[in-house]
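Q: Can you walk me through this one? I'd like to start with the overall layout.

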Amino acid sequence: MDFKKLLNEKEFVFLDGAMGTMLQAAGLDAGENSEMLNLTRPELIESINRGYIEAGSDIFYCNTFGANRYKLKAVGKTPAEIIPVAIEIANRAKASASRKAYCALDIGSIGQLLEPNGTLSFDEAYDIFKEMIIAGKGADCIVIETMTDLLEAKAALLAAKENSGLPVLVTMTFEENMRTFTGCCIESMAMTLGGLGADAIGINCSLGPRELYPAVEKLCSLTNLPVIIKPNAGLPDPVTNKYNVLPDEFSQLLKAMIPLGIKIVGGCCGTSPDYIKATVKAFEGEKNQAKEKELPPAVCSASSAVIIDCPRIIGERINPTGKKRFKQALQEHDLDYICNQAIEQIDAGAEILDVNVGLPGIDEKEMMISAIKAVQGICDTPLQIDSSIPEVLDAALRVYNGKPIVNSVNGEEKSLNSVLPLVAKYGTAVVGLCLDENGIPKTVEGRVAIAEKICKRADEYGIPRRDICIDCLTLTCSAEQEAAMQTIEALRICKEKLGVRTVLGVSNISFGLPQREIVNRTFLTMALTKGLDLPIMNPNIASMTSAVRAYRLLANIDKNAQEFVANYGGETPAAAAPAVKQEDMTLGYAMSKGLKNDAAAITAKLLETNDAMEIVNGILIPELDKTGADFEKGKIFLPQLILTAGVAQSCFEVIKDYLSQHGAGGVSKGKIVICTVKGDVHDIGKNIVKVLLENYGYTVIDLGKDVDPMLVVKTAIEHDVKLVGLSALMTTTLKGMEETIKLLRENHPCKIMVGGAVLTPDYARQIGADYYAKDAKQSCDIAKEVFGQ
Amino acid sequence: MEIKIDIDEAVRYMGYRGVPDEEQLQKIKKQAELLEKSLKPAVIYRIFDLDESFYGVKLKLTNITFEGEDIKRHLAGCDKCVLLCATAGLKADELIRRAQTEDISLGFITDCLASAAVEAVCNELERELKDKLPDRHMTWRFSPGYGDLPLSVQPQILDVLNAQKRAGVSCLESLLMVPSKSVTAIIGLSREPVENKRRGCSICNMAGRCDFRKRGIHC
């Protein structure tokens, strides 16, 4: 089908109304599988399809909304058995109707959430959609609809683009707060799906046309793609399940959206051919009013968009260069460490986070994917994906939820040819470095010339200038003093001449100089006044972040100094006067009171005069023992136990840092693998156990949640682990626990401890565990028994 | 919708006997405020006519038959029921993940507060239902997994309510719901007064191994 031609020929394109509502009107019970009707009642489906064509639908949806592998399993069918039949039915409806129409392969949400919320991986989701798209190749176009998870919509859209040449329409479902249930905002939807090459985007389901007006208004202002609106017939009554907006009102409410710039309209739940007929009639003689808009430069996660209309801080700390502790975290696959680096920078004022996990000896691709998933699971700050390997970038761009920045491309042919196609395909922003085969040009003109070359090549790929961020490169001032001004001058010219954003890593400037902070801050301020948009810097250094905020104030960006005052105007919060001053406090006191920061500070101080292991064995462990004993006696309760464990964790972090700085490895009392078993996603209990075990000096390999039994076995063998801990919360997931134990027994000699809300000692024995741990404290006792210390 | 988390209830979930010390309580209250501000809870329900059969109770116009003796007892004397699904939303899961990365004890507190939040959503709906259905008596909330009502009915309930579309709630093959702080429940409606006490221990799947009972108290 020639979608562009259809759009050009018609002022408005009409879609169909609801399928489910029509089926229930025909007697289908709620909860019954509607795709089976393609096989059992094809004539009913055909008549519904035809009903919509006759009512005026230009594109109608085949009855394939839930025809995915996962949902069809319940009825014992496959997409290949259902989808081609549904398309045949649609073609029969087309052939017998009195007017021309096109049929769309209808793809709804899988019914399972993707990680980190659910257990479905991006690749699995992609594969499920791919199967549908291949089975549906006979359709005229593809519709991806009722999506609430931007990442799921992305998986479907990528599957469509990579496995079919058909036009793809994508609609998502927004609530009154203009977000989907997964938190996706309209800005993120528009820039992400637009960037990935959707042919039209829009909104369907959830609410009626009245409630959706503001969401449609917003979407129309954010995209140059044709906008689709397919609302419900109002809201359903809980008793009758009838919807409260009738066809005439529905059509008038849709008509009122014409000035917003809508192009493609239809109805969702509760609508019928009468609604479409009324809408077509109401739109007669109306002109399309969509206008071409200048879109702002921006990046996003699924739930937060950062418009680069003023300097935005890119946090540089997720990067192992020159950081021993970070390298150790990468080697140990310690994602919590990386997440903490993210949180710290966000709290300090970072608006975008650079993620670089390249380290010789680790699988950078796997690490990058894990890091992106982990960081996106705990915050909504957009990311800048930093790698020099195109395969790593490609893999990262697939799983990234939103529109990231790619860091980086440069003027070398090899780089241009491998990175720019990725940027174009995934619709991301990109950092362009002003260097090429011959290195960094000495002159301003040389750097601008490379920037121009990058821009020209990007133009050929259709990458808009707003998505290009040129880095004129900071050189070390102590080595090349004249270079600082050249960098800034090149930056100014690029920004003015090329219409790009500018980006600069600022910390390098002061290498080898005293008082680096002063040099960095001054250089940053100089660059900001010449048009630096994206400083890559350490936001944890207060004077750097405050320089950006002060600039935003002085440049009249931060109106009424709101942001500045919010950050610096308040009185320093009067910390509740501690009963004991830090200098008089013992580590034990700080631990029992849950004073994390004090405990960390005391630990750091103790390290100046004491051996690390002395602190661990002489203070931390005895204090934990005492807390554990009090817990067992019922003197204190779980929250206090966890509180002390959490404080101890911060002390150990200080010690770990110290040891890695001083080149000494920690002494581990033994390795333990722990996880929440397959099928289960509740991991708070497991995480508490992990912290306690680590407190006692064990190396814990945490495989996370919903863990495949085979991975547990493989890890246990690989690290020759003596003790494995398994957690499960529900009766339904004990199966996963039992399987894991069985597989471990067959492959690796070790002790197994199990825990979780529904477990009992009896049941633990029955499924073959060696130990039942009733709480986190007991898991430590078990470890002591197994490792003999 | 706005929610007010019952701090006392959350503190009980945490396993405190009595009141936490002032510092802890402040930390809990501060986190509760963050949740109240950030969460996007949702609740949906439909009212169905009931048909009792030998196997259990059928919801008319759906493919659901609730099996077991306990649900029969629960709905005895009721001609209709409210089928509901409530959730604290995905933001709760994100905040729990984030809190436990920063500080495990804050993670634990957040988890318990989020449980109390979804309870608050349900309580709010019950109040609303009482206003909407003044001539009806209501039973307490019975959920899949209680007594002999199998958990396997969970996906059907979510399907019939169209919960994924309307509340963003789905369930894994292991029948765990996502977002994790979500509940489904059945409230019987009767024209005659019905027993409406809290659920007892006899039908609880934690009976015999629950921490509350060991301490001589009820949840």
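What follows is a short exchange on domains, a sheet and a chain contact.

A: This is a predicted model, in which local features need pLDDT of at least 70, side-chain atom pairs count only at pLDDT 80 or more, and totals for chains, interfaces and linings use all residues. Residues are numbered from 1 along each chain as its sequence is written, with chains lettered from A and ligands numbered from 1 in the order in which they are written.

Q: Which domains is chain A divided into?

A: Domain 1 (3-283), domain 2 (309-554), domain 3 (583-661) and domain 4 (671-787); the bounds come from an automatic or database domain assignment. Taken over C-alpha atoms, the centres of domain 1 and domain 3 of chain A are separated by 56 Å.

Q: What order do the strands of the open sheet have?

A: The order is 10-9-14 in chain A, with antiparallel pairing. Strands are DSSP runs of E, at least two residues, and helices are runs of H or I, at least four, numbered from the N terminus. Pairing takes at least two DSSP bridges between two strands.

Q: Which are the edge strands?

A: Strand 10 (305-307) and strand 14 (402-403) of chain A. Strand 14 is joined to strand 9 (residues 298-301) of chain A by two bridges, and S301(A) has G402(A) as its bridge partner.

Q: Switching topic: how many residues of chain A are in contact with chain B?

A: 56 residues of chain A, against 50 of chain B, where contact means C-beta atoms, placed from the backbone, within 7 Å. Helix 26 of chain A gives the largest share of chain A's side, seven residues.

Notes. Two residues are in contact if their C-beta atoms, placed from the backbone, lie within 7 Å.
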